[in-house]
Amino acid sequence: MLAVLLALAGGAVATTSAQAQESDKTLKVSLVGDIDTFNPFLAILLSSTGLNRYQYEALVGYGKNSEPVPGIAEKWETSNQGKTWTFTIGEDRKWSDGEQITADDVVYTYTSILETPALQEANGGLVTNIDKVEASDPQTVVFTLKSAQASNPGQEIPIVPEHIWSEQDATKFKADSDVVGSGPYTLTSFKTGQTVEMKANPHFWRGKSKIDGLTFVSYKNSDAAVQGLKSGDIDLVDGLTPAQYESLEKSDNIKLNAGIGRRYQALAINPGAIDKDGKPMGDGNPALKDEKLRQAIFMAIDKETIVKRVLNGLGTVGQTEVPATYQDYFGFADGHEAVPFDLDAANQLLDDAGYEKGADGIREDKQGEPLVLRLMGRNTESPHAQMADFVESWLKEIGIGTETQLVTPDKVNEDSTLGKYDLYFTGWSLGPDPDAQLAMNTCDSRPNADGSGNTSENNWCSSEFDQLFKAQHAELDKAKRADLVKQAFTTIYEAYVSNPIYYIKPLEAYRSDRVDGFVTQPEKGGVILNQNGYWGLYSAELTSADAADDGGTPGWLIPAAVVVVLAGIAGFVAVRRRGGAAEDRE
Amino acid sequence: MTDPVVAETLGHDDEEVRGSSLPRYLALKAGGALVSLALVVVLGFFTFRVLPGDPAITMTRGRQVTPGEVERLRQAMGLDQPLLVQLGHFVRDLFTGDLGTSYVYRRPVTELIGEYLGPTLLLTGSAAIISIILGLWLGQKAAWRRNSWFDKTHTGLALVFWSVPTFWLGLLLLLMFGGWLQWLPTGGMTTPGAHETGLAYVLDVAEHLVLPVTSMVAVVYAQYLMVMRASVLEEMSADYLTTARAKGLREDLVRTRHAVPNALLPTVTLIFLTIGGLIAGAVTVETVFSWPGLGYLTYKGLSAPDLPLLQGTFVVFSAAVIVMNFVADLVYRVLDPRLKAS
């Protein structure tokens, strides 16, 4: 029996080492996050839309610094004061099956979204201003918009091959095996909850990738992913916690990357939420309607300390909501700056505003009620709990009491939408075009009374902001628009409704003995995965061809053999003994 | 002939059916099962509506949506209808085997469950079989040599593992054997990228099963050990065993041929309940070892909340338990001749 077991194990080893040669030139990346669907019309989860960026290009793509660069279109121009956009598709653009990419594909994609409500799930909000999309010749597409806009309508929307999709029911097409796409990699197979396999697209117009393929391995918890990186089961990991990141610092063959991210984390204050019809929503503390009180709260947040103590330095201090990734729009408008951390000045401000301190050090509002504010955060994110501790202590020093409630993300979303909060920790990831984020602060963005309808970032409304929004929305001159955008974000800041505390640095790690040469986004100090685009994995090169980790005798073979031998001996002895005992008794 | 003392200690609800005919027994048990199932369907439907979050809003949050978009989504999900109408649709669809379409995955729930069913049963099934065999074998040996070092060590060890949280043990094993010694894989069901077939595939999956199954077995086998031990202890004082010894049988055979089969009866119910629970997966183990299972799928459904997925899995899991309970009742009746006596 022992011999049989060993023979089986040997057979397995032989066959697995043969397979190992095949998987040599693919990069294995961890995937911690769910895939809902790969249909680009329906996919909304971050993992799936992220992976789709590798296989479908839009008309206009994002460059290494998130700037607009040619995608399917090689050039574009506006006319009619920004109401008409004409895109010219490059002659060298081909689908992964060799077919030419033409205007028909673009028309098919956009028209599908415009005309079929079921296909608007992923990108419906991006086409509201488009009147029609027509092909004027096989390589030229003309967009006619309802009104002028500065944002390029050719961005973001993945173009799908009409010759494949028109034969399917697009609302049900899974598009998850042997996909025909235009990006550097296309999907070959998808095992739900296990792996996503992609192979290099030989017809990619920028040139075939140096790696043969990608395998995304589903890990349901990041600790296991880190162990997988150490043991060589995977080559690249993202989404590390600071603790995991630091634990990998000493490993020889693992390189770390702390990039500039696209997400801001802020402390939001309820300014008196109002719904679409102008009626009050929720139960925010009425004292917070006073701008001076909100300003004082801003003054009580020491962002540097939070970045140092909560993030272990793996983040940057927040300014406006725009992270440093987007240099064009980053920072305050000229002549404006952040409110400094100054507890004394905050106390002075509140004293002058008439908030007297009670006997216990807690101030009273204009009605004589003690000023105690609720602070809401997510119970799934440990920085929230840590930040809450700091915020509580600082607010206490300026005479404001705090009640922290850490609840599920869904509850946070629900309560914040309905205005049922005083303070809460909020955060958003920004895309390269700020229009979408700004749109969530207009007066029109306010929801219905039951929370349905639009999404308002801060439950706030200002006509001054609305004017700035309209201006940047249609301003075609880049420099002028950048200026207007900065002014708009500065206006949000100075309304004291959302205080960006930090931009977290996404933490990544990879096996430097297996792969290198990643182009990050932004090029200097950016991230490898989760880019607005495909530069990270497109540029990578595998450094070694040897399969040190696959094949060969698995380490467990010897100990397993020993255990089996010992068990065999023990069993043999036991049988002999039992037989002997019976004889004795007889 | 039924020993009155033994009859007393049997199931009390069997009082009425003991000695009754098979059709009547079946009808009563089946009726009970159907009532349970109906209650489960209704309860499952309403329970998940209590979860916070409007699915239409949660799924469109954070993206630019047109004013009518959320409303359209809500209509597509059928959420704009009154609750009782929704319940009616749900029950009607159940009869045709349609468990609805998942909000998040956009696929029929039956399809999703079908895809994850194999890996789930492989994991929980292997763990169940090993823990049952291990637990029963150790339990009857421990009882036979009560208070010996064997008994004390194994009972103690089993209880220690029983008290340990599964995910903690799993993580430890992962760290030790996956990350540090690198003897076993760190996650998943197969080696990514290696398209194996036949024996190589079987061995690859087996290699990936080792750690998750070990974690599950370690934490659970105490259950079977203790029940079997108690059961055998009770049997040991019976008269018929003295007869067996007087006949000249070896101790081993007295144990295995007479005591153990009779002591197995109480564990039958336990085993069938376990089988019923297999399909529900093991969410903590699946999370630690990244195993594609139904436990994790269901847990993820809580976030939207993905109502069709939650309702569908709830009904399927509960039905499995109810059916297995029913089967256990039948098997018990077959195994125990005392139940049939009239």
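Is A:Ala175 buried or exposed, and how many other C-beta atoms lie within 10 Å? A:Ala175 is buried, with 25 other C-beta atoms within 10 Å. The model is predicted.

**Contact between chains A and B**

- Chain A contributes 52 residues to the contact, and chain B contributes 54 residues.
- By class, the side of chain A that touches chain B holds 28 polar residues, twelve nonpolar and twelve charged.

**Chain B**

- Chain B has 17 helices and zero strands.
- Its C-alpha atoms fill a box of roughly 85 × 60 × 35 Å along the principal axes.
- Of the 342 residues in chain B, 37% are buried.
- Contacts in chain B between residues at least 6 apart in sequence join residues at least 24 apart in 73% of cases.

**Positive phi values**

- Most residues other than glycine have a negative phi.
- A:Ala175 has a positive phi, near 50 degrees.
- A:Ala175 sits in the loop of chain A that runs between helix H4 (162–165) and strand S8 (185–191).
- B:Arg106 also has a positive phi, near 55 degrees, and is a residue other than glycine.
- The loop that holds B:Arg106 lies between helix H6 (83–95) and helix H7 (109–144) of chain B.
- B:Arg106 has 17 C-beta neighbours inside 10 Å. Buried needs 20 or more and exposed needs 12 or fewer, so B:Arg106 counts as partly exposed.

**Cis peptide bond**

- Most peptide bonds are trans.
- The bond joining A:Gln521 and A:Pro522 is cis, with omega about 0 degrees.
- A:Pro522 lies in the loop between strand S20 (515–516) and helix H15 (535–539) of chain A.

Key:
Residues are numbered from 1 along each chain as its sequence is written. Chains are lettered from A and ligands numbered from 1 in the order in which they are written. This is a predicted model: local features need pLDDT of at least 70, side-chain atom pairs count only at pLDDT 80 or more; totals for chains, interfaces and linings use all residues. Two residues are in contact if their C-beta atoms, placed from the backbone, lie within 7 Å. Ala, Val, Leu, Ile, Met, Phe, Trp, Tyr, Cys and Pro count as nonpolar, Asp, Glu, Lys and Arg as charged, and the others, Gly among them, as polar. Helices (H or I, at least four residues) and strands (E, at least two) are DSSP runs, numbered from the N terminus.
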